[in-house]
Amino acid sequence: MANFWKPGTERPRLVDDEEGGVLFHYSSSSAYSSGFGYGSIEKQRKRLPIYKYRDAILYLVETHSTTIIVGETGSGKTTQIPQYLKEAGWADGGRVIACTQPRRLAVQSVASRVAEEMGVKFGEEVGYTIRFEDITTEGITRIKFLTDGVLIREMMDDPLLTKYSVIMVDEAHERSISTDIILGLLKKIQQRRPDLHLIISSATIEAKSIAAFFETRRRRPGLEGEELGPKPVPAILSVEGRGFNVEINYVEEAVLDYLRAAVSTVLSILDQESIGDILVFLTGQDDIDATIQLLNEEAYDNGRKSSDLLVLPLYSGLSRAEQDLVFSPTPRGKRKVVMSTNIAETSLTLEGIVYVVDCGFSKQQFYDPISDIESLVVAPISKASARQRAGRAGRLQPGKCYRLYTEEYYTNEMSAVGIPEIQRSNLVSCVIQLKALGIDNILGFDWLASPSPEAMIRALEVLYSLGVLDDDAKLTSPIGFQVAEIPLDPMLSKMILASGQLGCSEEIVTIAAVLSIQSIWISVRGARKELDEAKLRFAAAEGDHVTFLNVYKAFLLSGKSSKWCHKNYVNYHAMKKVIEIREQLKRIMQRLGIGLKSCEWDMQVVRKAIIAGFFANACRLEAYSHDGKYKTVRSSKDVYIHPSSILFRVNPKWVVYHALVSTDRQYMRNVISIDPSWLVEAAPHFYISQAPDFKLAR
DNA sequence: GAGCACTGC
């Protein structure tokens with residue numbers, strides 16, 4: 001059993017004052033009893049009257065172009081601030097207050113809470129916009145919640161966001177690509193619109209760097225000493241959260257096997273503490289399955305009846321019903337132990353968790369622009385993540401967090417924040433969005449964190465080869481603008497454009513919708529064989545893309561039946577999403593003048609349309625290969641067909657893949673067989689310039 | 001013979 005000790009409690013620390021900035025610290029402790037909004041403001045620098053929280057935020061928004069608000073979960077910032085702004089008249093005269101969130105679910109729940117608190121009808125004064133759902137009323141809605149991605153799309157039509165008076169960007173510390181793009185663009189917009197006020201909500205740890213980013217130090221026009229407009233130096237307001245205290249425990253010595261350490265920690269919590277559910281953070285499905293098995297064995301060996309424990313896995317690959325199990329109340333006499341991936345860190349909130357066990361790792365995506373490979377690797381989490389995980393224990397009552405790493409490691413070695421997503425990703429979508437927004441000099445864009453030049457150059461190359469950018473790296477017309485308009489990966493968008501000309505857009509739009517979601521299959525751990533058999537019922541010789549068409553067709557024939565899905569190992573929720581995306585794409589295609597036409601199962605044109613977007617992903621089977629080894633045409637890398645593919649072990653001579661997944665090998669996911677002559681037909685420029693010695697087997 | 005998590009007119 002790992003030994004733990006308590007070095008004291010972990011409290012949020014105050015951010016240091018930025019030079020020339022204003023920093024308030026608001027303690028909401030007295031607000032617990034008297035309802036939210038009354039407390040004391042501790043003035044750090046300038047002498048100012050004591051404000052209530054409401055007045056403080058309004059004062060700062062009034063006097064500063066940018067206000068950074070630091071507050072933990074439960075501080076009420078997300079729901080209260082928009083209401084304060086509304087009361088103070090920021091939504092008068094047809095103006096709108098916008099609040100972004102990085103997740104759809106958060107947008108919906110925050111919006112409904114605010115509408116309820118204000119006692120207004122949802123969708124009128126208070127509304128939200130997320131993909132597929134616009135619950136707002138033009139001219140009526142004054143407070144609008146939206147996802148960061150939707151705000152970027154809105155900027156494409158209205159680059160200065162003229163209808164908004166205040167924009168609040170929530171969860172900025174999570175540093176999603178969309179949030180980073182938005183922050184860069186908002187800084188630019190501020191120069192043109194001094195009347196636009198920003199509120200950026202962040203975890204303490206990121207507040208300083210975000211404030212520094214927005215600090216322009218630009219001298220305002222006007223006479224000496226004359227105050228014109230709000231101060232360009234950001235203010236930082238710190239609000240204490242209402243979460244309960246979480247006692248942090250560290251292991252005394254580094255653990256070698258965090259799965260075993262997790263199991264023994266869980267067992268000792270069960271022994272020492274009589275009530276409260278336990279949440280264990282692990283890296284992935286494999287870890288979770290192994291740990292659950294280990295825990296059940298050890299618990300049995302310790303004389304604990306298996307009926308005492310309710311051990312549940314939690315990860316995104318589970319079906320909705322399986323995920324819902326963790327939300328059901330723990331039966332009397334049982335102890336609930338949830339083994340989860342990062343999904344429980346931000347996306348799902350479990351009430352009733354009193355103990356958190358944190359292994360200190362998570363799976364993270366990294367992108368290597370040189371090899372153009374995205375890979376998922378187990379990597380140490382950041383301090384910010386560790387605090388977020390610990391916070392999951394203190395939602396209902398004081399809790400405890402057991403960290404399976406030493407305090408020395410946490411203090412001295414763990415990095416403060418994670419690497420922003422933009423520095424770990426393929427930038428193709430990001431670059432085309434910026435181009436569509438009129439940002440031509442991508443390398444010179446004012447980033448909160450710059451992506452690597454290699455990644456940007458790679459993205460520009462890909463877009464150029466797709467015919468989306470011209471020699472001057474400007475969007476081509478009409479292709480470039482059309483691709484930017486379609487909310488998909490540019491390769492998928494290009495495929496859709498080609499399908500219009502090839503007369504198979506009905507089929508291709510279905511394929512595009514399926515490829516843009518995770519998976520249409522249910523992953524049942526013990527039923528691999530059954531899933532494979534189910535897949536075979538829809539198998540198409542051409543490959544996975546055509547197989548998807550078969551599934552979609554059969555799903556429609558079943559009357560979009562959930563029962564049919566269940567019987568065929570098809571994920572019903574995924575299929576409903578496919579239909580939604582398909583409908584959205586059809587609307588956009590109509591607007592772009594792409595006719596909807598079916599090729600009546602002529603799968604040759606379908607494959608040609610796919611190649612129009614994915615010609616760069618062509619691979620050839622190695623001659624005399626015994627293990628199904630392929631070489632990519634572009635860079636002669638060794639790749640294999642993924643075992644989930646319908647063409648696994650079929651190994652056609654030439655294939656085009658949708659994406660590579662990198663584990664011990666490079667696997668091609670979603671593969672179709674092709675005739676190599678189609679490659680040159682679809683992209684002569686690419687194959688001539690990229691591989692002059694490329695010989696076709698005609 | 002294998003899958004962190006989100007997201008988008």
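Colleague: Is V377 buried, exposed or partly exposed?

Modeller: This is a predicted model, and V377 lies in strand β18, which spans residues 373-380. Buried residues fall under 20% relative accessible area and exposed ones over 50%. Because the relative accessible area of V377 is 34%, this residue is partly exposed.

Colleague: With which residues is V377 in contact, leaving aside its neighbours within four places in sequence?

Modeller: V377 and Q365 are twelve residues apart in sequence, and their C-alpha atoms are 6.4 Å apart in space. Once neighbours within four places are set aside, the residues in contact with V377 are S362, K363, Q364 and F366.

Colleague: Where in chain A is confidence lowest, and where is it highest?

Modeller: Chain A has a mean pLDDT of 84, with 88% of its residues at 70 or more. Over residues 1-23 the pLDDT is below 50, and this stretch has 78 contacts in the model beyond near neighbours in sequence. Where pLDDT is low, the predicted coordinates should not be read in detail. Confidence is lowest in helix α1 (residues 31-34), at a mean of 28, and highest in strand β9 (residues 164-169), at 96.

Colleague: How many residues surround DNA strand B, and which are the closest?

Modeller: The residues of the surface near DNA strand B comprise ten nonpolar, eleven polar and eleven charged. In total, 32 residues surround DNA strand B, and the closest are R104, V150, S316, K363 and T663.

Colleague: At what distance does a backbone N or O atom of S316 lie from a phosphate oxygen of DNA strand B?

Modeller: Polar contacts to DNA strand B involve several residues, including R131, which has a polar backbone atom 3.4 Å from a phosphate oxygen. For S316, the distance from a backbone N or O atom to a phosphate oxygen is 2.3 Å.

Colleague: Which element gives the most to the surface near DNA strand B?

Modeller: The elements that give two or more residues to this surface are α5 (148-157), β17 (361-368), α19 (528-536) and α22 (572-592). With three residues, the element that gives the most is α5.

Colleague: Which residues of α5 are buried?

Modeller: Helix α5 is mostly covered, as seven of its ten residues are buried. These buried residues are D148, V150, L151, I152, E154, M155 and M156.

Colleague: How many disulfides does a search of the whole structure find?

Modeller: C99 is buried, because its relative accessible area is 4%. C565 is likewise buried, with a relative accessible area of 0%. A disulfide is a covalent bond between the sulfur atoms of two cysteines. Across the whole structure, the number of disulfides found is zero.

Colleague: Which backbone nitrogen does the side chain of T406 reach, and at what distance?

Modeller: T406 is found in the loop between β19 (399-403) and α13 (407-413). At a relative accessible area of 14%, T406 is buried. Not counting residues up to four places away in sequence, T406 touches Y250, V251, E252, E253 and A254. Its side chain reaches the backbone nitrogen of Y409 at 3.0 Å.

Key: Residues numbered from 1 in each chain as written. Chains lettered and ligands numbered in written order. Predicted model: local features only at pLDDT ≥ 70, side-chain atom pairs only at ≥ 80, totals over all residues. Heavy atoms only, no water. pLDDT = per-residue confidence, 0-100. Helix = DSSP H or I, 4+ residues; strand = E, 2+ residues; numbered from the N terminus. Contact = heavy atoms within 4.5 Å. Buried < 20%, exposed > 50% of the residue type's maximum accessible area, 1.4 Å probe, protein only. Near = heavy atom within 4 Å. Polar contact = N/O pair within 3.5 Å; in protein donor to acceptor, adjacent residues only side chain to side chain. Nonpolar A, V, L, I, M, F, W, Y, C, P; charged D, E, K, R; others polar. Disulfide = S-S within 2.5 Å.
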